[in-house]
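Subject: Structure handover

Hello,

Here is the structure for your work, with the sequence alongside. My notes on what was found in it follow below.

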Amino acid sequence: MRAYYFDNVPGDQRLPHDSQRPVSEETLKGLGILHWRIPIDTPGGWEPVIDDVARERGYKNRDTINVSKEGLGDLYEAKLKIFFEEHMHEDEEIRYILSGAGFFDIREHPSDEWIRVNILAGDLLVVPAGVYHRFTLDESNKIQALRLFKEEPKWTPHVRGVETEANPFRVEYVNSLKSVS
Ligand code: KMT
Ligand code: NI
């Protein structure tokens, strides 16, 4: 995982768009973004480690998503468009990358700058409820990820707008940032 400010230069979303301004794990943590590095080739396997994190954080269920032309078929273009539209969820978005790579863009609050998080196989990323974000594949055009969730997945994307500003999950997130600073 590597994080940096997005350069805001128009062009292909799958390119790195690296402004050369790095973002530390501390900064990400301050925004509530959690990250663990669990190499796929961990001795004993990655799965027991994921099981531990899942137990600790109450993630009871999981499935895998294959974001690629082969994996999504006719839905490929439409899904990619939805993933890249700035949105929030009313629950955490938890992804453990099994193969491939991609970018999660996280909206920093209150600067409103995009932080680009480059995730690779072995990265476990938790994006809290209420965080504005978007996702894109990189130029390799494929990523396979484990999606973890507590009960029923609440993956409905709420596209950023006047309504999301008043969404209780957004309000709670913004307040949580105020209380730590
Ligand atoms: C999402 O909800 O944005 C995704 O599942 C993206 C692909 S998983 C890295
Ligand atoms: Ni999302």
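Which residue in β2 is the bridge partner of Phe6? The partner of Phe6 is Asp18. The two strands concerned, β1 and β2, run antiparallel and are joined by 2 bridges. Strand β2 covers residues 18–22, and of its 5 residues the number buried is 0, so β2 lies largely in the open.

Please keep in mind that this is a predicted model.

Overall

The protein chain has 6 helices and 11 strands. Its radius of gyration is 16 Å, close to the 16 Å from the globule rule for 181 residues, so the chain is as compact as a globular protein of that length. Along the principal axes, the C-alpha atoms fill a box of roughly 40 × 40 × 35 Å. Of the 181 residues, 22% are buried. Among contacts with a separation of 6 or more, 75% are between residues 24 or more positions apart.

Ligand 1

The shell around ligand 1 is made of Ile65, Val67, Phe83, Glu93, Arg95, Gly102, Phe135, Ile143, Ala145 and Trp155. The largest share is that of β6, with 3 residues. Sorted by class, the shell holds 7 nonpolar, 1 polar and 2 charged residues.

Nonpolar core

The largest nonpolar core counts 27 residues, and the ones with the most contacts inside it are Phe104, Ile106, Ile115, Val117, Leu125 and Val127. At least two core residues come from each of β1 (2–6), β6, β7 (114–120), β8 (123–127), β9 (133–137) and β10. Strand β6 gives the most to this core, 6 residues. Strand β6 therefore has the largest share of the ligand shell and also gives the most to the core, by the DSSP runs used for the strands. For Val117, the contacts beyond four places in sequence are Met1, Ala3, Phe103, Phe104, Ile106 and Leu125.

Loops and backbone

Most residues other than glycine have a negative phi, and most peptide bonds are trans. The points below are worth a look with that in mind.

- His109 and Pro110 are joined by a cis peptide bond, with omega about 5°. Pro110 sits in the loop between β6 and β7.
- Asp112 is found in the loop between β6 and β7 as well. Its phi is positive, near 65°. Asp112 counts as exposed because it has 8 C-beta neighbours inside 10 Å.
- Asn141 lies in the loop between β9 and β10, and its phi is also positive, near 60°. With 15 C-beta neighbours inside 10 Å, Asn141 counts as partly exposed.

Other single residues

Is Pro128 buried or exposed? Pro128 is buried, because it has 20 C-beta neighbours inside 10 Å, and the cut-off for buried is 20 or more. Pro128 is placed in the loop between β8 and β9. Leaving out residues up to four places away in sequence, Pro128 touches Gly32, Glu92 and Tyr173. Pro48 is 80 residues from Pro128 along the chain, and their C-alpha atoms are separated by 23 Å.

Lys178 belongs to helix α6, residues 168–180. It is exposed, with 9 other C-beta atoms within 10 Å. From Lys178 to Trp155 the C-alpha distance is 26 Å, at 23 residues apart in sequence. Trp155 is one of the residues around ligand 1.

Asp74 is in the loop between α3 (69–72) and α4 (76–83). Asp74 is exposed as well, with 7 other C-beta atoms within 10 Å. Asp74 and Trp114 are 40 residues apart along the chain, with 30 Å between their C-alpha atoms.

Regards

Definitions and conventions
Residues numbered from 1 in each chain as written. Chains lettered and ligands numbered in written order. Predicted model: local features only at pLDDT ≥ 70, side-chain atom pairs only at ≥ 80, totals over all residues. Near = placed C-beta within 6 Å. Helix = DSSP H or I, 4+ residues; strand = E, 2+ residues; numbered from the N terminus. Nonpolar A, V, L, I, M, F, W, Y, C, P; charged D, E, K, R; others polar. Core = buried A, V, L, I, M, F, W, Y, C linked by C-beta atoms within 7 Å. Buried ≥ 20, exposed ≤ 12 C-beta atoms within 10 Å, placed from the backbone. Contact = placed C-beta atoms within 7 Å. Pairing = 2+ DSSP bridges. Rg over C-alpha atoms; globule rule 2.2 N^0.38 Å.
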